[in-house]
Amino acid sequence: PPPPQKRGGRPAGNVRAPPEPPDYVATMRMEDMLREAAAAAPAEAAEFQAVLAKYEGHPGVQRKLAQEEAGARQRNLELNRPAYFELRSRIPDKVGLVEPKDQKGLEKVGCSPELARAILDRPALRMLRATRAQLDIAKAAVLKPLQIDGTLTELEARAVAYALPEAPYDRHSPEGLQREAWRISNKQSFEALEASGGFAAAAPAAAAPPLLKSCAA
């Protein structure tokens with residue numbers, strides 16, 4: 001028989017379930033709401049961080065987060081990692097998070113005209129040539145334009161999702177809070193696209209540069 005239920009449909013007994021947020025924020029995860037609030041109001045960041053630490057320290061929350069992270073890591077390895085290496089191999093290694101900034105510059109470092117346009121239209125593709133160290137030290141202003149959204153095909157979105165830093169940014173400074181908000185926002189955007197199938201239907205943008213095409217021929 002099913003376990004006895006308490007208020008809110010949670011099982012009774014010794015297992016401590018995560019505390020429930022108020023009804024008006026029930027559609028948004030409490031931890032994400034607190035992170036966004038801290039990033040949006042640096043002056044009150046310490047207070048929001050204290051509430052977040054208390055919430056995340058709850059045994060039920062820790063268990064829920066661990067289960068979510070384990071599932072996300074498995075999907076990341078099985079589905080996103082192959083996409084990352086496939087598209088990364090098509091982008092010249094001189095394409096950085098910011099430079100080159102224009103079509104001419106991108107073509108000069110080896111991008112085909114189609115690939116250059118794709119990178120300008122969907123800046124998140126720049127992440128595929130960045131190292132973990134570069135993403136770890138990049139300023140929030142550099143990271144902000146690199147967004148996973150519905151303009152990316154499934155292959156592109158999965159590749160960029162794999163490139164996202166796994167470890168949280170330092171949240172003890174306004175800069176760190178903004179960078180962590182960027183990381184979390186991109187994770188949530190990818191999860192929403194994955195759940196809804198809302199990826200762009202266009203052909204994958206990262207067409208091989210002419211040099212790679214000729215080498216493969």
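Two residues are in contact when they have heavy atoms within 4.5 Å of each other. Among contacts in this protein between residues at least 6 apart in sequence, 67% join residues at least 24 apart.

**Before you start**

This is a predicted model, in which local features need pLDDT of at least 70 and side-chain atom pairs count only at pLDDT 80 or more, while totals for chains, interfaces and linings use all residues. Residues are numbered from 1 along each chain as its sequence is written, and side-chain values use heavy atoms, with hydrogens and water left out.

**Stop 1: the whole chain**

Show the protein as a cartoon. It has 10 helices and 0 strands; helices (H or I, at least four residues) and strands (E, at least two) are DSSP runs, numbered from the N terminus. Read along the sequence, the pattern is α-α-α-α-α-α-α-α-α-α.

The accessible surface comes to about 12400 Å², and 57% of it belongs to carbon and sulfur atoms. Accessible areas come from the Shrake-Rupley method with a 1.4 Å probe; for residues, only the protein chains shown count as cover. Of the 217 residues, 35% count as buried. Buried means under 20% relative accessible area, exposed means over 50%, and partly exposed is in between (1.4 Å probe, protein chains only).

**Stop 2: colour by confidence**

Colour by pLDDT, the predictor's confidence in each residue, from 0 to 100. The protein averages a pLDDT of 80, and 74% of the residues score at least 70. Select residues 22-27: the pLDDT there is below 50, and this stretch has 3 contacts in the model beyond near neighbours in sequence. Then select residues 204-217, where pLDDT also stays under 50. For residues 204-217 the model has 30 contacts beyond four places in sequence. Where pLDDT is low, the predicted coordinates should not be read in detail.

**Stop 3: the nonpolar core**

Which residues have the most contacts inside the largest nonpolar core? Select Ile119, Met127, Leu128 and Ile148; these are the ones, in a core of 35 residues. The elements that give two or more residues to this core are α3 (59-88), α5 (113-121), α8 (154-163) and α9 (174-196). Of these, α8 gives the most, with 6 residues. A nonpolar core is a set of buried Ala, Val, Leu, Ile, Met, Phe, Trp, Tyr and Cys residues joined through side-chain atoms within 4.5 Å.

Stay on Ile119 and display what surrounds it. Leaving aside neighbours within four places in sequence, Ile119 is in contact with Ile91, Val95, Leu106, Cys111, Leu125 and Arg126.

**Stop 4: a cis peptide bond**

Select Glu99 and Pro100. A cis peptide bond joins them, with omega about -15 degrees. Pro100 sits in the loop between α3 and α4 (103-108).

**Stop 5: salt bridges**

Side chains of opposite charge can pair when their charged atoms come close. A salt bridge is a side-chain nitrogen of Lys or Arg within 4 Å of a carboxyl oxygen of Asp or Glu. The whole structure has 6 salt bridges.

Begin with Glu86 and Arg90, whose closest N and O atoms are 2.6 Å apart. Glu86 is partly exposed at 36% relative accessibility, and Arg90 is partly exposed at 23%.

Next, select Glu156 in helix α8. Is Glu156 buried or exposed? At 0% relative accessibility, Glu156 counts as buried. Glu156 forms a salt bridge with Arg122, the closest N and O atoms being 3.3 Å apart. Arg122 lies in the loop between α5 and α6 (132-137), so the pair ties together parts that are 34 residues apart in sequence. Arg122 is buried as well, at 16%. A polar atom of the Glu156 side chain also lies 3.0 Å from the backbone nitrogen of Thr153.

Move to Arg158 and Glu194, whose side chains meet in a salt bridge (3.1 Å, N to O). Arg158 lies in helix α8 and Glu194 in helix α9, so this pair ties together parts that are 36 residues apart in sequence. Arg158 is buried at 9%, while Glu194 is partly exposed at 23%.

**Stop 6: Phe199**

Finish at Phe199, in the loop between α9 and α10 (210-216). With 14% relative accessibility, Phe199 counts as buried. Its contacts beyond four places in sequence include Gly150, Leu152, Glu154 and Glu194. The C-alpha atoms of Phe199 and Leu152 are separated by 6.0 Å, although the two are 47 residues apart along the chain.

Note on methods
Polar contact = N/O pair within 3.5 Å; in protein donor to acceptor, adjacent residues only side chain to side chain.
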